[in-house]
Amino acid sequence: MDKIVVTSRRFFMKFPKLEYFENRAKEIGATIVPVRAEDEKTLMNELNDASVVVVIGRQIDRRIIESMKKGKMILAMQVGYDCVDIEAATQHGMVVSNVPVYCTDEVANHAIALLLAVSRKIKLLIKETSQAKWDYNVAKPIYNFKNRVLGIIGLGRIGRALVPKAKGFGMNVQAYDPYLHDDIFNFLEVKRVYDLDDILKTSDYLSIHAPLTHETFRMIDENAVGMMKKDSVLINTARSRIVDYNAILKAINEGRLAGAGIDVMDVEPPDKDDPILNNDRIIVTPHIAWYSEESLKNLMEYSMDEIERVLKGRRPRWILNPEVL
Ligand code: NAD
């Protein structure tokens, strides 16, 4: 019987009840074993005879992979898969898959929600009205969205889903993504920007939708923030380590950036004294961009479908290391 270990704080936060997973596992002659402990030793003990490990955000490094003597698969139950050492998994002949399509529209919607709320100074205004203060002057300046420029970094699934939504507000959309052919930009009618510096200098809103890689790590650092327009707004629903939030906070406090909308933090949950949480011009949400009732259901179904494909020897749909097949 194949043993499927499910683990990580974020997994149990999303799925406090395991009934769906247990029923699906039973149908394919497998069993679900939850590992709630956060320490490596307990996890490695359980993984010793496991076929599959399922995680959300928990680091699966070489040592953990090597402990899976009967390991067939690692499933990063999320879009980003930077938590898995894919090279080590490949060397051990294990399939690594993610679940890339369950929440594309949700994340694009959340990016728009943050962009609108930060630009319309909603956090500041809620603070004012909660004290019965009634003066719109505190929120000045607010600009119309029409003809303002949205710059998208990473024109993949989510970046593309953002395009028609932004155009609906009359924004002009441009994007920076060095890995795509021109025809995608032409098809979407998005202006292609070939240089990161150019998109920083010319965007009124900058929304990040690239994965966390060696190349994107702290891509938006102090130097990059220094190139952004004084009235611009940064939105990050991708990965926190792409951005240096200290540089963002400093720029906002010094009036060199209008505001930021943030869904992802280096440490989640963050320290309650983190100054980024208490700034009127920064809206922080708790890594929720992915969520809707529909996406939650998709995530469960797509994940168990992928595990079933691997355990039944079929080709996995979202394999990240096809060379192991
Ligand atoms: P995707 O793989 O479809 O698109 C990513 C795009 O980024 C690709 O087109 C790629 O070419 C581009 N890219 C790669 N390196 C780049 C670079 N150096 N500069 C510019 N572009 C670069 O991924 P997606 O489905 O659109 O998801 C994007 C990211 O969103 C994920 O990696 C994940 O980290 C994040 N995400 C967050 C949440 C959330 O709840 N906050 C949910 C889902 C996804």
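## The ligand and its surroundings

The space that the ligand takes up is the largest pocket, where a pocket is an open set of points on a 1 Å grid over the protein atoms alone, with protein on both sides within 12 Å along at least five of seven lines, and a molecule sits in it if more than half of its atoms lie within 2 Å of its grid points. This is a predicted model, in which local features need pLDDT of at least 70 and side-chain atom pairs count only at pLDDT 80 or more, while totals for chains, interfaces and linings use all residues. Residues are numbered from 1 along each chain as its sequence is written, and side-chain values use heavy atoms, with hydrogens and water left out.

Around the ligand stand 29 residues, the closest being Arg157, Ile158, Asp177, Thr237 and Asp263; a residue is counted here if one of its heavy atoms lies within 4 Å of the molecule. This shell divides into 17 nonpolar, seven polar and five charged residues, with Asp, Glu, Lys and Arg taken as charged, Ala, Val, Leu, Ile, Met, Phe, Trp, Tyr, Cys and Pro as nonpolar, and the others, Gly among them, as polar.

| Residue | Protein atom | Ligand atom | Distance |
|---|---|---|---|
| Glycine 156 | polar backbone atom | oxygen | 3.4 Å |
| Aspartate 177 | N or O atom in the side chain | oxygen | 2.7 Å |
| Aspartate 263 | polar side-chain atom | nitrogen | 2.9 Å |

On its own the ligand has 860 Å² of accessible area, of which the protein covers 90%, as found by the Shrake-Rupley method with a 1.4 Å probe.

Elsewhere, the structure holds 10 aromatic pairs, meaning rings of Phe, Tyr and Trp (its six-membered ring) whose centres lie within 6.5 Å. Tyrosine 102 and tryptophan 290 have ring centres 6.4 Å apart and planes at 50°, so this pair is tilted, since planes under 30 degrees apart count as stacked and those over 60 as edge-to-face. The pair links distant parts of the chain, 188 residues apart.

The backbone also deserves attention. Most residues other than glycine have a negative phi, and most peptide bonds are trans. Serine 8, however, has a positive phi of about 100° although it is not a glycine. A cis peptide bond joins lysine 140 and proline 141, with omega about 0°, and another cis bond, with omega about -5°, joins glutamate 268 and proline 269.

Notes:
A polar contact is a pair of N or O atoms within 3.5 Å; within protein, one must be able to donate a hydrogen and the other to accept it, and residues adjacent in sequence count only if both atoms are side-chain atoms. On a 1 Å grid over the protein atoms alone, a cavity is a set of points where a 1.4 Å probe fits but cannot get out, and a pocket is an open set with protein on both sides within 12 Å along at least five of seven lines; lining residues have an atom within 4 Å of a point. Helices (H or I, at least four residues) and strands (E, at least two) are DSSP runs, numbered from the N terminus.
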